[in-house]
Every structure is written in structure tokens, then in C-alpha cells.
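Here is a friendly briefing to read alongside the structure. Please keep the model open as you go through the points.

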Amino acid sequence: MFPPMLGLATHLDRTRITMTDRESFNRAVSVAREYNPYSGQFLEHEFEVYDIMREHLPIARSESAGGRSGLGVEGSWVLTRYDDSCEFLQNAATFSNQVSSYPVRPWIPQAIDPPAHSAYRRIMNPWFTVDAMRLLEPHLEKFAEELVDKMLENDEFDFVAEFADPFPTVIFCQLAGFPLEDYQQIMDWKNTLMHPSDGHSRGRELAVALARELGLDVGGDASITSEVELAVRGEVGRRIYAYLGALIDKRRGQPEDDMISRLLEASYEGERPLTQEEMEDTLFLFYMAGLDTVASALGLIVQTFASDPVKRHEFIALMDDPEKASVAVEELVRYHAIVLLPRRVTDDVSFHGAEFRDGDTALCPTMAANRDAAEFENPHELVYDRAPNRHIGFGLGPHRCIGIHLARRELRIGLQVFHRKLPDYELNPNAKIEAFGGMKGLAALPLKKS
Ligand code: HEM
């Protein structure tokens, strides 16, 4: 007999499992049971975990997939195969983006299902086209150069604090219309909201301080329970909303060339202006999607390059060839996928043998699908000229990333400028790398010139 499943389910036909398979299967059961992608430590063995789950429990039920009560991901199904993930993400009717509680209201357009979702995307898509983003290129280059020059005044530096964080964040603030003098406040709110308990030390420090300010009990060891996390995220969410609301009010009389002003001019299906709430919910989502994503990808890519000079120099050799560079950046996004995509099941449904129930949460870690050997030959290798490369690092289906052309440009330009100025560097052994889980990334990447 197999051990009791304790909330874990599989669609494998157990009668066909041999003894050796049984041991592997049992290992997969225990791996799925302990699966918690929201901690920084998880990153040390994440691909091994996903390989085991994909092979033996490709749609696993894990009661420990939680940790993000604010996102409603308590117990969850976890999908690790590429094909299953693609089908899942493209079926928005059965797998809804309205996952559960949001710090204030569901954000737009990511937490909205079609058809309303499509109406919002029709408003915003033209703002983020390839052509629109191409116009930003000289500005991106110039700003990247300034940041890198400043960072390289010292022989030792933190790549995340001095480049990966400010580069996309400042660009995004300019696009959105957030005043640059608010940079530190914007980063602090973002870190409190996104990283209270995932291994990001500044996020945790800020969350504990806010919890104390709210009179919540964090105990002597300053522990962030899920209740404390929910309250902290709610409060910081309200503060961000108040900030966004005030910016919208200010722009009403003084339009500028930014996203806030475009939202004020936008029309929903040609019928009516957006409401104040709709504008705030949109800016709130962009606030989160535009600040952390490119920063995380840049940090993880450069971490790999710092410990693998051969791969780094292969990239440097091709990065000034526009065609090769864009294929290589795509491969870097596949290899360093950062996003976990939760969905709410809207019906009792059998999905490749797994029995989903109405209201269940299911999680698609894009990093698992992107390392599936059934779709990608040598999935754990960086192959700069990989073709085809149908990765889902930017998502798939109706919610596929709207910032894709901006993200690709920022990654390419950020990597080019940095490596032109400093092709040889290494990890700084005197300082610690700080990794966080969930929508994963690095909070610190100490490097030194070689
Ligand atoms: C390397 C960088 C980035 C990665 C890996 C990434 C990844 C993703 C993924 C996987 C989704 C799908 C979400 C879902 O299915 O629920 C998404 C959606 C989204 N992304 Fe990005 N993103 C990046 C950069 C950006 C940037 C720079 C922006 C801002 C301009 C942005 C704005 C958005 C928005 C607004 C959505 C929601 C789209 C919708 O629901 O229709 N992203 N992104």
C-alpha cells in the first residue's frame, strides 16, 4: 500500500508503478507536501523540486503551497508541465485571475477576467507597443550609462541596489508619472507590500516596523504571521492607493505626457471615461508589475554570469549583434523565469486526470514549465541561439505581459551597457547575496571587479 496521501493527489495510475518508481513517487509526494516557493531557501533546490514533481506528480495538490495569505494561495494545485501550463493559462473561463483577497480592490487588468479584461487591454496596449518602446531606447542607454558609471566608481558594489533596482524603476516612474523625488518611498512601499516574509530583509524590516506602528503583536522574535502579513499588506496597500489617488487628482488639471494623464483621457469601450477607482486599480497593478520584474530578472541573470565567466563571455561576444542579442535575451528570460501565476478554478473539472473543485486555487510556476525537457532540449542549459523558444516567462493567453517590449529592451540595454563597461567581475565573498522567493529575485548581489 502507498502511504496515505494527506491532501496530495495525482492522476498517475498507481497499479502500474514499480518498486523503484514507488520510491521516486513517495519522494515526490513528500517534496510536494513541503513545497513552499515563497521562501528564499526554496531557490537553492527549486529546479530539482520541479523536476521531481513534473515527473511523478505533474499536477500536485500541496497544502503547504501557501505563505501568501494576501494572495489567497493557501493550499493549492501546482502545475509543472509545459503543455499543461499552456492549456491552463489559455483557459481563462475555467481558470480565473480573480484569486481572492487583494490589499484594497482587484487590480486592473491582471485580476479581471475577459471580456472586461479585453476592454481594458484595448485601452492600454497602444501605450506599450514595440514602436512606442523603441522611442525610449536613447533614454534607456543614457540612464543605464549614468548608473553604471556611478556604480563602477568603486571596486566593490551591490549590483541590485545600484543598478538592477533603480534602472527599471526610475524608467517606469517616468513613464507612469510618479515623481522621482518619491523614489525611496515608492521602493519602501513596494518592498513592504511584496516582500514582508519571503527572505527580503528590507521588506521584512519595513513590515515589522509597520506592524508595530499598527499595534500588532510581532513578539520578541519579530515574527510575521499570516494575519500580521495580511494586515500590513492591507495598510500599505491603502497608503499606496491614497498616493495614487492624489497623483490622479493633481494631473486632472495639469496633464503631462505620462500614463496617469492617458488614463484620465481614456474611454472604456468608447462609452465612458474610467472611474477614479479604475484608474487607481490600474496604476496599482503597474506599480507592482513595473517595479520588481525587470529588476529581479537582471539580478538573477548577472548572478549567473558572475559565477559562470564562460557563459558571460559567450553573451558578451554576441550582445552587439541585434538579432543574436534578442534571441539570447529571450533565452535568459526562459532560463530565469520569475513569476508564479495563481488562478481560481471556477467549476468542478477534471484536468488531465486531476479533479479540481470549484473555488480551488491552482498555481503555475513559469519557472517549472520553462524547464520542461519535453518542450526544451537540455532545459537546464543556457542555449543563446535556442530556436524555437516558446517559453512562458512573460505568461501566455489573455494576460500575457503588456510590458514585454519594455522589459526586453531594458534587459538587453542594461546587460549591454554594464558588460561593455565591466566585462570581468565576480561575486564578492565578503558580502552576502540576498535571495527572495515567491515572485523571485535578489535583494542584494554584491560583486567586485576582477
Ligand atoms: C522581465 C520582466 C517581466 C516579466 C518576467 C513579466 C512577466 C509577466 C507575466 C508572467 C505576466 C502574466 C500575469 C498573469 O498571467 O496573470 C505579466 C503580466 C503583466 N505585466 Fe509583466 N513582466 C515583466 C515586466 C513588466 C513590465 C516592465 C511591466 C510594466 C510596464 C509589466 C506589466 C505587466 C502588466 C500590467 C501585466 C498584466 C497584464 C494583464 O493582466 O493583461 N511587466 N508579466
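This is a predicted model: local features need pLDDT of at least 70, side-chain atom pairs count only at pLDDT 80 or more; totals for chains, interfaces and linings use all residues.

Residues are numbered from 1 along each chain as its sequence is written. Helices (H or I, at least four residues) and strands (E, at least two) are DSSP runs, numbered from the N terminus.

**Nonpolar core**

- The largest nonpolar core has 115 residues; such a core is a set of buried Ala, Val, Leu, Ile, Met, Phe, Trp, Tyr and Cys residues joined through C-beta atoms within 7 Å.
- A residue is buried if 20 or more other C-beta atoms lie within 10 Å of its own, exposed if 12 or fewer, and partly exposed in between, with C-beta atoms placed from the backbone.
- Ala32, Met53, Trp77 and Ala176 have the most contacts inside this core.
- Helix α13 (residues 276-307) gives the most to the core, with 16 residues.

**Helix α6 and its two partners**

- Helix α6 (residues 137-151) packs against helix α8 (residues 166-176) at an angle of about 140°, and their axes are 10 Å apart; axes are lines fitted to C-alpha atoms, for helices over the stretch in contact, and angles run from 0 to 180 degrees between N-to-C directions.
- α6 and α8 are therefore oblique to each other (angles under 35 degrees count as roughly parallel, over 145 as roughly antiparallel, 65 to 115 as roughly perpendicular and the rest as oblique).
- Leu140, Phe143, Ala144 and Leu147 of α6 meet Pro166, Phe167, Val170 and Ile171 of α8, where contact means C-beta atoms, placed from the backbone, within 7 Å.
- The residues of this α6 and α8 contact are 8 nonpolar, no polar and no charged; Ala, Val, Leu, Ile, Met, Phe, Trp, Tyr, Cys and Pro count as nonpolar, Asp, Glu, Lys and Arg as charged, and the others, Gly among them, as polar.
- α6 also packs with α17, at an angle of about 40° and with axes 9 Å apart.
- That angle makes α6 oblique to α17.
- On the α6 side, this contact uses Glu137, Leu140, Glu141, Ala144, Glu145 and Val148, while α17 brings Arg409, Glu410, Ile413, Gly414, Val417, Phe418 and Lys421.
- The α6 and α17 contact divides into 6 nonpolar, 1 polar and 6 charged residues.

**Backbone details**

- Most residues other than glycine have a negative phi, and most peptide bonds are trans.
- Pro114 and Pro115 are joined by a cis peptide bond with omega of about 5°, and Pro115 sits in the loop between β3 (95-96) and α4 (116-124).
- Ala387 and Pro388 are also joined by a cis peptide bond, with omega of about 0°; Pro388 belongs to the loop between α16 (366-369) and α17 (404-421).
- Glu269, although not a glycine, has a positive phi of about 50°, and its loop runs between β5 (267-268) and β6 (272-273).
- Glu269 is exposed, with 12 other C-beta atoms within 10 Å.
- Asn378, not a glycine either, has a positive phi of about 45° and lies in the loop between α16 and α17.
- Asn378 is exposed, having 9 other C-beta atoms within 10 Å.

**The loop at Pro255**

- Pro255 lies in the loop between α11 (226-253) and α12 (259-265), and counts as partly exposed with 13 C-beta neighbours inside 10 Å.
- Not counting residues up to four places away in sequence, Pro255 touches Ser261 and Leu264.
- Pro255 and Glu265 are 10 residues apart along the chain, and their C-alpha atoms are separated by 9.4 Å.

Terms used
Two residues are in contact if their C-beta atoms, placed from the backbone, lie within 7 Å.
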